[in-house]
Amino acid sequence: MMQKYEFIKYNVNEGDTIESVAKHFDVSTSRLVLVHNLNVEIEDKIQSEFGNFPKHLTSIYITTEMVRDIEKKSERKTGYVIWATAFYEKRKYGLSLENFKNEDLISKVHYEMELVYINKKSEFKILEINRKQLYTNNSQPDAVLEQLADAIGQTIFPIQINTEGNGKINSIENHDEIVERWQAKKEKLSSYYQGEIAEKIIAKATIYFNNPHAITDSLANNWFFNLVFQPIYGSYTTKKQVQNTSSFPIAGNNLLEFETTQTLGDIYTKTNKIIVDINAKAKDKSDAKATIQYKLNDTDNSLFSVIGTMTVNETKTKIEIYQQ
C-alpha cells in the first residue's frame, strides 16, 4: 500500500534559507523542495535546491513526519555522565552583572572574555582566558583609583588554567609569565599614579601576583570564573541529582558557603542543549539563596550560557554569561 502523507505549513522566518530549514528538519534540500512543490501551483514552486526562498513565499509545505522526527530528536535522553571536550578555536563570552537593592538597580558591570584550549600533547585541560575592556554602568573606569585597579586586574590576562575533570580550577599554568608582566607594568604604573594610596595598592598587588595560590583563590571571587568553573561535569545519580557544597561571591567580594542541589536535565532541549540546574541555600542558615541554570552545547558539552540570581536580605545579583 502506498504511504499516505499529511502536509502542514511551515512559516518562513527572516534569515531562513533552503539549506537552514532542511538542516533543521534533518532532510535533504531536494526532499524539502519536492514536498513543497507537490502542493503548490507553478508560481509558488521553488526552482532551486539552494539559497533563499522566493521573496513572495511566507510559508512552505512540509510533512507531519518531519515535525514528529524533530520532536523525537528533541526528547533524546541525556544519560547520567557529562564530560567537556577541549575546543581549539577561540570562543567569545559576554558577562553581564547587575546589582539590585530593594529592586532598584545599583550598578551594572559587563565585559567580554575569550576562551581557547592550549593544544599541548602532555596537557589536555589547559584553558587560556583573556578579558577585554571592563565597563561599569556602561562606562570605562574614569576615577584615578578605578583606572589603577582596572590596570592591575588586567595584568593576569591572558591566564592559563589547568582544570580538573569535573570542571574545577586545579592550578595556574603561566604564573611566571604573569609575574614578569606585572614587573614590567609596575614601573609604568608607579611613575604615573602618585600618592600614598596608590603606592599601597601597588605594593599589595606585588604580593598578590607573586603568590599563585592567592591568584587562584581570588578567581573564586569573580563571578565569571566562579560560575564557569563550578564542578558541573562528572557522574550523576539515577535521579540525575548531586548534592554539593559551593561558595559564591556576595557583596564586598566575600565568599559565602552554600549547600547545593545540582540537577542534570533528563532530555536535550529542542535546540540541542543540555540543562544543568543548581539550587543553593546558605549553610549559615541565613536567607541567602541562589538559582543558576547552565546550558551546554551538545557537540562538546561546553558552556553555552549561564543565568543566575542570588538574593541576600534586600540585595539581589543577576548574572548572565552567554556565548557570542
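Reader: Okay, starting with helix α4, which residues are buried there?
Author: Leu148, Asp150, Ala151 and Ile152 are the buried ones in α4, a helix that covers residues 144–154. Keep in mind that this is a predicted model.

Reader: And what do those buried residues pack against?
Author: The buried residues of α4 pack against β6 (126–131), α5 (175–192) and α6 (196–209).

Reader: Switching topic: how many aromatic pairs are there?
Author: The count comes to 10 aromatic pairs. Take Tyr10 and Phe25: their ring centres are 5.5 Å apart and the planes sit at 90°, so this pair is edge-to-face.

Reader: Where in the chain are Tyr10 and Phe25?
Author: Tyr10 is in strand β1 (residues 7–11), while Phe25 is in the loop between α1 (18–24) and α2 (29–37). They are 15 residues apart, and the pair links distant parts of the chain.

Reader: Is Tyr10 buried or exposed? And why?
Author: Tyr10 counts as buried because its relative accessibility is 17%, and the cut-off for buried is under 20%. Phe25 is buried too, with a relative accessible area of 7%.

Reader: What about Phe87 and Tyr117, what kind of pair do they form?
Author: Phe87 and Tyr117 make an edge-to-face pair, 5.0 Å from centre to centre with 80° between the planes. Phe87 lies in the loop between β3 (81–82) and β4 (91–101) and Tyr117 is in strand β5 (residues 104–117), so the pair ties together parts that are 30 residues apart in sequence. Phe87 is buried at 10% relative accessible area, and Tyr117 is buried with a value of 10%.

Reader: Which rings link into a cluster?
Author: Phe157, Phe224, Phe225 and Phe229 are linked into a cluster by ring pairs.

Reader: I clicked on Asn226. Which helix is that in?
Author: Asn226 is in helix α8, residues 223–228. Asn226 is buried, with a relative accessible area of 5%.

Reader: What does the side chain of Asn226 reach?
Author: The backbone oxygen of Ala220, at 2.8 Å. Not counting residues up to four places away in sequence, Asn226 touches Leu219, Ala220, Ser247, Phe248, Pro249 and Leu255.

Reader: Last one: where is Asp298 found?
Author: Asp298 is in the loop between β14 (289–297) and β15 (303–312). At 30% relative accessibility, Asp298 counts as partly exposed.

Reader: And which residues is Asp298 in contact with?
Author: Leaving aside neighbours within four places in sequence, Asp298 is in contact with Arg76, Tyr268 and Asn272.

How values were computed:
Residues numbered from 1 in each chain as written. Predicted model: local features only at pLDDT ≥ 70, side-chain atom pairs only at ≥ 80, totals over all residues. Heavy atoms only, no water. Buried < 20%, exposed > 50% of the residue type's maximum accessible area, 1.4 Å probe, protein only. Helix = DSSP H or I, 4+ residues; strand = E, 2+ residues; numbered from the N terminus. Contact = heavy atoms within 4.5 Å. Polar contact = N/O pair within 3.5 Å; in protein donor to acceptor, adjacent residues only side chain to side chain. Phe/Tyr/Trp six-rings, centres within 6.5 Å; stacked < 30°, edge-to-face > 60°.
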